Amino acid sequence: MIFEHLPALEVAVPLVAAPVTLLLRRAAAAWAVTVAACVFSFVAALLLAAAVAAQGPISYALGSWPPPWGIEYRVDALSAFVLVLVSGMATAVALFAWRSAAAELPREQLYLFYTMYCLCVAGLLGMTITGDAFNLFVFMEIASLSSYVLIALGRDRRALLASYQYLILGTIGATFYVIGVGMLYLATGTLNIADLAARLPQVADTRPVLAALAFVTVGVSLKLALFPLHLWLPNAYAYAPSAVTAFLAATATKVSVYVLLRFYFTVFGARLVVEELPVEEVLLVLSLVAIATASLVALWQADLKRLFAYSSVAQIGYITLGISMASHAGLTAAVAHLFNHGITKGAIFLLLGGVALRTGRVGFDRVRGLGQAMPLTSLGIVIAGLSLIGIPGTAGFISKWYLVLGAIEAGRWWLAAFIVATSLIAVAYVWRFVEAAYLAPAGAGTPERGEAPRPMLVTAWILVGACIWFGFDTSFSAEGARRAATLMLGGAP
Amino acid sequence: MIALGHYSYWVTVLLMVAGLYIVIARGNLVKKLIGLSIFQTSVYLLYIAPGKLIGGTAPILAEGYRVYSNPLPHVLILTAIVVGVATLALGLAIVVRIREAYGSIEEDEVLKADRAAGKDAADGV
């Protein structure tokens, strides 16, 4: 009975939790409501994913208005996969935020933090689950506006400027997206994604549709921080509160990647995007530049949060590289990397949040001798770092493996070599941490011996465990990604 | 005169480009937000203008009403206007906070203040 309404509840519960936390005004109560809402969404997402795997896509008519007139919520292999990632990370970060946010934010603002957090979760889940192009814009703005506020909560005053810059670029991105959707609406007379896909082939080669493709691509690329539209990301990640950085790094850009996949392969269709237009060449070049430059820039950062923020830009490059291949292996790699990088970066930023709690900030001068002072935290960062590099036995290896496979399948040996070579740059920047934490003597900024508070450490280590778990058991991550790739290329899910 | 017949599109494009130009070219944080608002407004026009038919009425199912305008774009843009207002309000709120923290709303001065502070911090360590 309640099961048939799960798609709506998936989004509605965190959305309703937001005003509830606002009314409660007590940090502890607001936190409890937030965690409850996130856990509910996570369980609902798992149930939906299981249902989709068993019986195919679920369509839910919001308010019983049948699609394409009403808003449709649609869960298929791809969106169920992203829903699990977003709600799972939301739960982990919400548990982590109890101590981390309390340490980094003023007491009287704590409940507002949870309000914004619930809104952001609801927005991201809504973007993923909705089957309506305009509804997607509304959820995109809910998620974006709340994330601007969350970033501006950072203690450093530079967080304000970072948030402002993200607001300007994010709004331009979202507006570009609406322009694209508007042109599609003018050309087809529908906003439902499935209906758009059915009607577009008749008008596929007209100029408004091609312009719409361009607008949507640029708009969403701004949101997912595709090079060279990534300029908002490093500052936003570096100065936001630790919990916010972890959540945004693990989910926000990933959901935008999902939107890009949705538009390329469901709405416009692989034929138009891949065969008629040079989209894959453009994406390929941008991805290669993103991987190479962002990895190199990451090498020179003095602040660990900035280092891993630039590494995020590079890792997004790997995801778009997979998309640009537009083959089954390439798309599997893209979707699997979306998931694996999400948990890996989530783990790293949570652990860095623990370090920041002890040291104030996470510059390299503060982590000298950290292996002695905070052994479990340091070990966690190293393991997650290995996953970032793509060492066998970690989650990162699985997606890099598919990426290399896709490159070889396409006969591009140089691309396979490039992927392996740029992974070596990741080795170099992870090594910088190892060198500072284990080989350098403790400096003036190094904290006393002692770990981060237990709840923070445990949640972070659950994600570190997930990095290893998904390196061995790929029945969810790689299998789910494979199903999603099949779906996108027009096969049975 | 096909070009003139579609003058609403010309206005749309003009507003779009002007708004985007202001966002990029101006260093004043409030002016940037004004540009952003103009840019968003152009999109409202892009949606609403094609929905209107000359002589069209609201969609009423009755005798005597034959030509009607599409109400959906209007409803969509009502939502988009709300989003635009929220964005502008949040943007201005952040600018107020930036002014409190830096004492300026000029982008280059704010960045200069950050660079100076960053240098002090580096010297201090």
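1. In this predicted model, α3(A) passes α10(A) in a left-handed crossing. The two helices span residues 77-104 and 242-276 of chain A, and their axes come within 7 Å and cross at roughly 165 degrees. Since angles over 145 degrees count as roughly antiparallel, α3(A) and α10(A) are therefore roughly antiparallel to each other.

2. Between chains, 23 residues of chain A are in contact with 27 residues of chain B. On the chain A side, the elements giving two or more residues are α5 (133-152) and α6 (158-188). The largest share, 14 residues, comes from α6(A). This side of chain A has 15 nonpolar, four polar and four charged residues.

3. The secondary structure of chain A amounts to 19 helices and two strands. Of the contacts in chain A between residues at least 6 apart in sequence, 79% join residues at least 24 apart.

4. As to overall form, the C-alpha atoms of chain A fill a box of roughly 70 × 55 × 40 Å along the principal axes. For 493 residues a compact globule would have a radius of gyration near 23 Å, and the 21 Å of chain A agrees with this. Buried residues account for 65% of the 493 residues in chain A.

Terms used: Residues numbered from 1 in each chain as written. Chains lettered and ligands numbered in written order. Predicted model: local features only at pLDDT ≥ 70, side-chain atom pairs only at ≥ 80, totals over all residues. Axes fitted to C-alpha atoms, helices over the stretch in contact; angles between N-to-C directions. Helix = DSSP H or I, 4+ residues; strand = E, 2+ residues; numbered from the N terminus. Parallel < 35°, antiparallel > 145°, perpendicular 65-115°, else oblique. Left-handed = near helix turned anticlockwise from the far one by under 90°. Contact = placed C-beta atoms within 7 Å. Nonpolar A, V, L, I, M, F, W, Y, C, P; charged D, E, K, R; others polar. Rg over C-alpha atoms; globule rule 2.2 N^0.38 Å. Buried ≥ 20, exposed ≤ 12 C-beta atoms within 10 Å, placed from the backbone.
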